[in-house]
Amino acid sequence: ENREFYGFLAADKLNLPYKLNHVPVPRKPETLQQLSTDPTAKRVMELLALERFTLARREWFGLMRTLPKDDVGAAAYLASRWSWASGAILTLGRARLYGDVELRFPLTHKTQIERHATRWEIPVPWAFAVVRQESAFMANARSPVGARGLMQIMPATGHQIARRLKVRYRGAMSLYDPERNVFFGTSYLRYLSDSLARHPALATAGYNAGPHRARRWLPDTPLASDQWIETIPFKETRKYVRRVMAYEAIYRARL
């Protein structure tokens, strides 16, 4: 019944189908109308059109602080209608509204993700899951350590990927371009998969912590993958792998 790693794992052990338990957020027409005509919401829409994403988020979450919780779901739906997937995801997350699977796990950038995942012969749901975990579909995302774009690629890693693919590297700013970022990120997932026994849990750990660490964490004797995940010494990477594996299951159903 739980839409997370251990819930899906239990379903696997019991040979039961996954249940996503999708519960759409309330979206009363009058609330949507009121929000869409709000001056702050209008500014946010214009800022998004101008790709001033940081200012848009600042304005939006200032507005969210003034809304009753019953209206936050409608606000997230409105953000989704503006094709602002990350805004919808973050809005629902801050309000702890986790039931709406379609808003929380959107199919944004579907064309790029499907095309490049297919090109590199990796599972499309896995690529979606990594994007969802890395950036929540925020194309201009930048981590505190400098990782950039949808799949949060470090500039040095981007340079290595370009060299391996024998394509021109156009610098760190090019990693904010969704097409280039997904091209590089999915090719890197394929590289990790090939380097780590074509095992999705190992490759996912390698994406987060580096392939050298994933290799170092391999057990001396064979171990079931769910048990191996629990032995990962980095708490961040353990949580990362669990989330990506759960998100992959959700995206497999969504697709």
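**Ground rules**

I am working from a predicted model, in which local features need pLDDT of at least 70 and side-chain atom pairs count only at pLDDT 80 or more, while totals for chains, interfaces and linings use all residues. Residues are numbered from 1 along each chain as its sequence is written, and side-chain values use heavy atoms, with hydrogens and water left out.

**Entry 1: helix α10**

I took helices as DSSP runs (H or I, at least four residues), numbered from the N terminus. For accessibility I used relative accessible area with a 1.4 Å probe and protein chains only: buried is under 20%, exposed is over 50%, and partly exposed is in between.

Which residues of α10 are buried? In this helix, residues 155–165, I found Thr-157, Gly-158, Ile-161 and Ala-162 buried. Down the axis of α10 they fall within an arc of 140 degrees, so they line one face of the helix. That arc is taken from the directions from the helix axis to the C-beta atoms. On the face turned away from the buried side I noted the exposed residues Ala-156 and Arg-163.

I then looked up what the buried residues of α10 pack against, and it is α11 (178–195). Contact here means heavy atoms within 4.5 Å. Just after α10, Lys-166 has a positive phi of about 60 degrees.

**Entry 2: aromatic rings**

I counted rings of Phe, Tyr and Trp (its six-membered ring) as a pair if their centres lie within 6.5 Å; planes under 30 degrees apart are stacked, over 60 edge-to-face, and the rest tilted. The search of the whole structure gave 13 aromatic pairs.

For Trp-60 and Trp-84 I noted ring centres 5.6 Å apart and planes at 75 degrees, so this pair is edge-to-face. Trp-60 is in helix α4 (residues 53–64) and Trp-84 in the loop between α5 (69–81) and α6 (85–94), so the pair links distant parts of the chain, 24 residues apart. Trp-60 is buried at 0% relative accessibility, and Trp-84 is buried at 5%.

Tyr-188 and Tyr-207 have ring centres 5.7 Å apart and planes at 50 degrees, so I logged the pair as tilted. Tyr-188 lies in helix α11 and Tyr-207 in helix α12 (residues 200–209), so the pair ties together parts 19 residues apart in sequence. Both tyrosines, Tyr-188 and Tyr-207, are buried.

I also found one aromatic cluster formed by Phe-105, Phe-128, Phe-137, Tyr-247 and Tyr-251.

Next I checked for charges over rings (NZ of Lys or CZ of Arg within 6 Å of the ring centre and within 35 degrees of the ring normal). Arg-132 lies over the face of Tyr-247, 5.2 Å from the ring centre. The charged end of Arg-94 sits over the ring of Phe-61, 3.9 Å from its centre.

**Entry 3: the largest pocket**

A pocket was searched on a 1 Å grid over the protein atoms alone, as an open set of points where a 1.4 Å probe fits, with protein on both sides within 12 Å along at least five of seven lines; lining residues have an atom within 4 Å of a point. Grid points are joined across faces, edges and corners, and the volume is the space filled by probe spheres set on the points.

The largest pocket holds about 620 Å³ of space. It is lined by 28 residues, and the closest to its centre are Glu-134, Ala-147, Gln-152, Asn-208 and Glu-236. Two or more lining residues come from each of α9 (124–135), α10, α12, α13 (211–216) and α15 (235–254). Which element gives the largest share of the lining? I noted α15, with 5 residues.

**Entry 4: single residues**

Met-245 is in helix α15 and is buried at 17% relative accessible area. Leaving aside neighbours within four places in sequence, I found Met-245 in contact with Phe-5, Trp-126, Pro-200, Ala-201 and Thr-204.

Ala-214 lies in helix α13 and is buried at 0%. With neighbours within four places in sequence left aside, its contacts are Leu-196, Leu-202, Ala-205, Gly-206 and Trp-228.

Ala-197, in the loop between α11 and α12, has a positive phi near 60 degrees without being a glycine. At 64% relative accessibility I logged Ala-197 as exposed.
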